[in-house]
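Trainee: I am new to this structure and would like to walk through it with you. Could you show it to me?

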Amino acid sequence: RSPARRITRGGRRSLPVVRGYDHRSYGEAFADVYDDWYADVTDVAATVDRMSAVAGDGGRVLELGVGTGRLAVPMARAGLAVTGVDSSRSMLDRLAIADPNRAVTVVCGDMVADLPDGPFDAALIAYNTIFNLLDEPTQRRCFAAVAARLRPGGAFVVEAFVPGDTDDASTGSEVRVRSMAVDHVVLSVSAERGQQRADGQFVELSESGGVRLRPWSIRWATPEQLDEMAAGAGFAMERRFADMAGAEFDDGSAQHVTVYRLPGGSA
């Protein structure tokens, strides 16, 4: 669910962190605008097709960071048995509105410590959500927790941006206009502070609502670093694409969709 993409680097001064930020902050800040801002951020139909292919018809799918159900509800409508995990009650309240028949099983909790028992045929962590886990050990534990809940031969699909620069010492900040209308403006303020960490705020200014802050924070990793984490949890990389539709991944790809699979069972 993370909105972060490549951050522009600037000077090498010390940059502040988003004080008070925790695993619930993103969802609580973005729930009311997520479907408007990010409805088309990735290809929903292609995601449904990809997960149907890796899980099998009627397969059991675990989605981490399910949010408002942007992907989970269409997957369930396509016949997959979907369980979604999210720590934000506000996000899950929105999912309930989108899924009045409760086709998606919902777990309100941490996407590492509170994953439900499996076995699942496949798991999905979409659109940079793996980077919402804010340190490498927690990202590693996520891979291990998912592996423990998949059947033998089960797949873990990870969708994330490809960092443009892996210099851990780089820091910098950027302010840009995200959107603007006659009665409101949304500014994007971002700061990369080294150690593969970036923080930011969307600052929404409007005539009717005054000022609204929407913080985010990520710890990014390269595809190679994710591969190493996955291998440590017992996964092997099966395929890597540039998008959910299966475009070829190359050195110029801005994002990747990687299918990791456990040994045993049938692919």
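Trainee: Which residues does F143 touch, leaving out those up to four places away in sequence?

Mentor: Happy to start there, with a word on the source: this is a predicted model, where local features need pLDDT of at least 70, side-chain atom pairs count only at pLDDT 80 or more, and totals for chains, interfaces and linings use all residues. Residues are numbered from 1 along each chain as its sequence is written, and side-chain values use heavy atoms, with hydrogens and water left out. A contact means heavy atoms within 4.5 Å. On that basis, F143 touches I130, F156, V158, L226, M229, A230, A233, F235 and Y260.

Trainee: How far apart are the end C-alpha atoms of helix α6?

Mentor: Helices (H or I, at least four residues) and strands (E, at least two) are DSSP runs, numbered from the N terminus. The expected span of a helix is 1.5 Å times one less than its number of residues. Helix α6 (residues 136-147) has twelve residues, so it should span 16 Å, and this agrees with the distance between its end C-alpha atoms, 17 Å.

Trainee: Which elements do the buried residues of α6 pack against?

Mentor: The buried residues in question are T138, Q139, C142, F143, A145, V146 and A147. They pack against β1 (60-64), β4 (120-125), β5, β9 (210-219), α7 (223-232) and β11 (255-261).

Trainee: Which strands stand at the edges of the seven-stranded open sheet?

Mentor: Two strands pair if DSSP finds at least two bridges between them. The order is β3-β2-β1-β4-β5-β11-β10, with mixed pairing. One side of each edge strand has no neighbour in the sheet, because each has a single partner; these strands are β3 (105-108) and β10 (236-241).

Trainee: What is the bridge partner of E63 in β2?

Mentor: Strand β2 (residues 81-86) runs parallel to β1, and five bridges join the two. The partner of E63 in β2 is G84.

Trainee: At about what angle to β4 does helix α3 run?

Mentor: Axes are lines fitted to C-alpha atoms, for helices over the stretch in contact, and angles run from 0 to 180 degrees between N-to-C directions. Helix α3 (residues 44-55) lies across β1, β4, β5, β10 and β11. Its angle to β4 is about 150°.

Trainee: Is Y127 buried or exposed?

Mentor: Y127 lies in the loop between β4 and α6. Its phi is near 40°, a positive value in a residue other than glycine. With a relative accessible area of 7%, Y127 is buried.

Trainee: And is Q195 buried or exposed?

Mentor: Q195 lies in the loop between β7 (184-193) and β8 (197-206). Although Q195 is not a glycine, its phi is positive, about 55°. Its relative accessible area is 59%, so Q195 is exposed.

Trainee: Which peptide bond is cis, with omega near 5°?

Mentor: Look at the loop between β3 and β4, where P119 has its place. The cis bond runs from G118 to P119.

Key. Buried means under 20% relative accessible area, exposed over 50%, partly exposed in between (1.4 Å probe, protein chains only).
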